Amino acid sequence: MGKATSSPPPPLFFQSKLLCFSLLYLSTSLFFSLYVSLSKTKCLFVPSLSRPLSIPPFSYPSSYGQHKYAIPTLRSACSSPVFFSDYGTVVKEIRYLSETSSSSVLRYFEGKSEKFGGNFSAHERFSYFDHQNDTTRVPCGFFKDFPISDSDRMAMENCRGVVVVSAIFNDHDKIRQPRGLGPETIKNVCFHMFVDNVTLNGLKNHNLVSENSSELLMGAWRIVAVKTDDLYDNPAMNGVIPKYLAHRLFPNAKFSIWIDAKLQLRVDPLLLIHALVVSQKADMAISNHPFYVHTMEEAMATARWKKWWDVEGLKRQMETYCEYGLQPWNPNKLPYTSDVPDSALILRKHDMESNLFSCLLFNELEGFNPRDQLAFAYVRDHMRPKPKVNMFEVEVFERIAVEYRHNLKPGGGTTTPIVGIRSNGSHTRRTKWASTDSR
């Protein structure tokens with residue numbers, strides 16, 4: 001038999017496996033580097049929606065000026081981009097989780113009080129931090145009625161999937177419509193904006209809501225009118241109620257997103273919940289603060305910039321937390337990368353850990369002041385069981401939402417919701433400086 005003819009050897013270029021893998025790695029790295037450098041977001045990998053909403057859900061009169069005074073951002077890239085799954089897959093998964101996940105077993109303290117939050121002492125509040133017994137009832141607001149209409153209350157109870165919550169009190173901001181919504185989002189997400197009489201009258205003056213309608217709708221948002229006369233004098237504290245007690249206002253919702261009214265959402269809320277909470281197996285997700293890491297830094301900035309009128313109260317709050325074990329941020333607190341969040345955007349799964357955290361934090365805000373960044377680390381670090389908090393990068397936050405300045409007064413300043421301004425704008429309080437005497 002003749003000798004078989006051997007095939008010619010492959011080119012020398014392909015004989016090195018190491019070289020082939022190196023070239024493959026290089027080409028892949030170059031592709032992702034080019035994608036990130038040319039991407040408009042640079043921090044978000046968002047797949048295109050199959051049928052995005054191309055028509056704005058609502059048109060504003062030019063006099064309303066809802067897109068004025070955007071705050072520019074300087075950050076353009078981040079070290080940990082967020083990857084979003086396919087929109088259709090996300091819709092199905094969130095819908096499945098909403099239908100099958102069980103409700104929280106957290107039980108709430110019931111009773112009547114002169115204050116909505118019950119007015120507990122610091123020692124009493126801290127006694128509820130260790131929640132090892134499911135039968136223990138936790139104070140969580142609603143010691144007096146939250147005054148809204150029956151139709152709004154029913155709509156809130158019927159919200160069974162994801163709810164996006166915001167609030168404007170004292171006409172402090174404009175109502176802005178969310179952008180980037182997918183075709184199925186309006187069917188699967190509730191959007192509720194809580195307003196007081198001052199804000200509602202402003203909307204009526206611009207003919208944005210009807211005087212005679214029992215349900216107030218503005219594009220994606222359902223407007224929920226709250227009669228705040230019997231709640232808190234401070235509009236910011238009234239806003240804390242829907243911000244941290246969404247799990248009580250929407251008892252059948254499984255996920256929620258709080259977004260300050262100064263922000264305009266740019267990414268579909270279903271994608272956000274899936275990427276930042278569900279995929280991370282987190283109880284809640286919140287951004288790091290752009291400047292501060294330690295609670296004391298935020299406290300000093302709060303006093304310096306007069307974000308809270310009672311500096312003596314701020315001093316007392318920090319002394320109380322330090323006395324009960326507040327520690328500065330250190331590597332032992334990892335995976336928490338900071339003690340100070342940017343709480344303008346909060347994503348939550350309505351499970352036991354997240355609901356407990358929200359109740360405990362609300363109690364601290366009622367006990368001291370509505371500056372929620374001051375109590376965040378103390379509650380997070382001392383409660384049991386601990387929530388899993390996904391603290392994502394500031395650069396990601398700035399790609400998710402656009403921040404706008406607050407409403408301008410005729411004289412050129414901004415309205416302010418700090419304590420000392422009543423919801424009817426009747427008066428302000430002078431700053432109460434801290435004393436230099438030690439306790």
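Select strand 11 (residues 284-288) and strand 13: they pair in the parallel sense over four bridges. Here two strands count as paired if DSSP finds at least two bridges between them, and strands (E, at least two residues) and helices (H or I, at least four) are DSSP runs numbered from the N terminus. Within this pair, M284 stands opposite V389 in strand 13.

The model is predicted, so local features need pLDDT of at least 70 and side-chain atom pairs count only at pLDDT 80 or more, while totals for chains, interfaces and linings use all residues. Residues are numbered from 1 along each chain as its sequence is written, and side-chain values use heavy atoms, with hydrogens and water left out.

Stay on strand 13 (residues 389-392) and show its side chains. V389 and M391 on one side, and N390 and F392 on the other, are all buried; buried means under 20% relative accessible area with a 1.4 Å probe, protein chains only.

Next, select strand 9 (residues 255-259). Five of its five residues are buried, so the strand is largely enclosed by the rest of the structure. F255, I257 and I259 point one way, and S256 and W258 the other. In a regular strand the side chains alternate between the two faces of the sheet.

Strand 5 (residues 162-168) pairs with strand 9 in the parallel sense over four bridges, and V162 stands opposite F255. Strand 12 (residues 341-349) runs antiparallel to strand 9 and is joined to it by five bridges; L347 is the bridge partner of I257.

From I259, turn to the largest cavity: I259 is among the residues nearest its centre, with R176, W221, L263 and Q264, in a lining of 15 residues. A cavity is a set of points on a 1 Å grid over the protein atoms alone where a 1.4 Å probe fits but cannot get out, and lining residues have an atom within 4 Å of a point. The volume of the largest cavity is about 80 Å³. Strand 10 gives the most to its lining, with three residues.

Finally, select F146, F194, F250 and F362, the residues with the most contacts inside the largest nonpolar core, which has 61 residues. Such a core is a set of buried Ala, Val, Leu, Ile, Met, Phe, Trp, Tyr and Cys residues joined through side-chain atoms within 4.5 Å. Helix 12 (residues 352-367) gives the most to this core, with eight residues. Apart from this core lies another, of 53 residues, including I175, L216, L345 and V396.

Terms used
Buried means under 20% relative accessible area, exposed over 50%, partly exposed in between (1.4 Å probe, protein chains only). On a 1 Å grid over the protein atoms alone, a cavity is a set of points where a 1.4 Å probe fits but cannot get out, and a pocket is an open set with protein on both sides within 12 Å along at least five of seven lines; lining residues have an atom within 4 Å of a point. Grid points are joined across faces, edges and corners, and a volume is the space filled by probe spheres set on the points.
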